Amino acid sequence: MVGIMNMMISRQAARIATDNAMQTRMRSAAMSQHSAQAHDNAVEASKGKLVSGSPIFITLDEIVGSDEIKGHLLVDTFGVKAGQRITLKQAIGHTSERNSLKTAIAGNDWVAPLVKGDIIGFERGYVENNKVMVGAVAARVHDKLLGEVQVMTAMTRPTKAVVNKKGALQSGIIADGAKAMVVNSVEGLRAAFDRIKSERWPGGNPGFIIRDNDGNTDTFFQTSEKTIDHLIEDLLHADVAPAADYLLELIPAWSLAMGKEQVIKDVNPKNETGKAVVGKFSSQYMTGNEIGFLPSLVVVSMEEEWAFGGKTGKIIPVISSMAPVFKRDPVSTERLPTSKRAYGGTPNTILKLYDDEALKRMNSERIDRRGYENPEPSKPSSSAGRKYGTPSGDQNDEEDYDRPSPRMSFGRR
């Protein structure tokens, strides 16, 4: 009997142990499920905050961890003045590794790791626990950028992008409304262009946005095929050359090709588009049915040009990255504020971050860190054909590109 009783007690104890283990597993599973649900809810909440957040741009001062940095504000944000030191951390709502702060810190095949002094900006951020939680990297300077790298803020607009057999093609237009001029003669127009082309920055193709008193607008950027002489000839032929009774406003502007890092924000270089398109990036600049201007941070560097899958042998200035610096509505070319026509706004000039001495010093420092010099122009590959993305702006000769018409689109009335 004692033996039977002991057996019964042991069996009952085993059942209790099994029940307890099962309950423990069930509680653990419930807690895990609750934790996973809480995490998912936090991710969704973070995504919503990023959507309603603001752009943010800093000069890197310190890397705190694998997803956290400290830096000094370049532009007033969240009520904090430029120059203040703040902490930024990757928001859990941003789940793409390719354009994350974590990837920027570590580096990858496209970009070099962040180092102190680099400029980096994010599409959106929000404040939480005295830190700015950030989303996608919008613009940055890094050691793989070639040549002297200038950073500036200016009124800027992208063109539409296209992918065809020549490659991925897109440009950016940088305007200086604060230095607009009014001319009343061909000689005045030519002198204005000479002043514009003498500027070293932003680089690319010098020219201007042209507006008359009737609200008509056009653009001109000098290329190897479209010189200032050709423009004047066109104006005289169409009887719309500047004169005492027909004034033209000239807004200094420059056209630069978009670099490889920037153009992929709008198109996939491997997939032909068939026509020029407005992508995710350029849609931020849409006003009505056209691409307008926004105050933007622009990074200009040098890049080896490619076309038809091969090198053309040219090293060209490009916009390696650009991004709006404020949450504002874009303005159309017709209503771009200038020193001559404010349209209720404030004319913006081009503010460059670095002087010539700083550009040379930082270029040398980047070369030392990456271990190789800026490349010399290479011999064109046999597959390289007609150029694109060059300082001559030939990438925009295609239909649907926002470039000067063969004849000016406006005239006397």
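Predicted model: local features only at pLDDT ≥ 70, side-chain atom pairs only at ≥ 80, totals over all residues.
Close-up 1. Let's start at the turn: N129 takes a positive phi near 55 degrees in the hairpin of β4 and β5, where two residues sit between the strands. The strands on either side run antiparallel and are joined by four bridges, with β5 covering residues 131-134. To find one of the pairings, look for V127, whose bridge partner in β5 is V132.

**Close-up 2. The other strand partners of β4.** Stay with β4 and you will meet β1 (residues 54-65), which pairs with β4 in the antiparallel sense over five bridges. Here S54 has G125 of β4 as its bridge partner. β4 also pairs with β6, again in the antiparallel sense, over three bridges. In that pairing, F122 stands opposite V137 of β6.

**Close-up 3. The largest pocket, with a volume of about 800 Å³.** Several of the strands above return here, as β4 (119-128) and β6 (137-140) each supply at least two residues of the lining, and so do the helices α1 (2-51) and α2 (101-106). Which element gives the most to this lining? That is β6, with four residues. The pocket is lined by 29 residues, and R98, N99, E123, A136 and V137 lie nearest its centre. By residue class, the lining divides into 11 nonpolar, 10 polar and eight charged.

**Close-up 4. The second largest pocket, holding about 550 Å³ of space.** Its lining has 27 residues, and the closest to the centre are T153, P295, V325, F326 and N348. β7 (146-158), β17 (294-307) and β19 (351-352) each supply at least two lining residues, and β7 gives the most, with five. The lining of this second largest pocket divides into 18 nonpolar, five polar and four charged residues.

**Close-up 5. The largest nonpolar core, with 55 residues.** In soluble globular proteins, nonpolar side chains tend to be buried together. The residues with the most contacts inside this core are I174, L189, F208, I228, L231 and L297.

**Close-up 6. A second, separate core of 16 residues.** Among its members are I56, L60, L88 and F122.

Definitions and conventions
Residues numbered from 1 in each chain as written. Heavy atoms only, no water. 1 Å grid on protein atoms, 1.4 Å probe; cavity = no way out; pocket = protein on both sides within 12 Å on 5 of 7 lines; lining within 4 Å. Points joined across faces, edges and corners; volume = space filled by probe spheres on them. Nonpolar A, V, L, I, M, F, W, Y, C, P; charged D, E, K, R; others polar. Core = buried A, V, L, I, M, F, W, Y, C linked by side-chain atoms within 4.5 Å. Buried < 20%, exposed > 50% of the residue type's maximum accessible area, 1.4 Å probe, protein only. Pairing = 2+ DSSP bridges.
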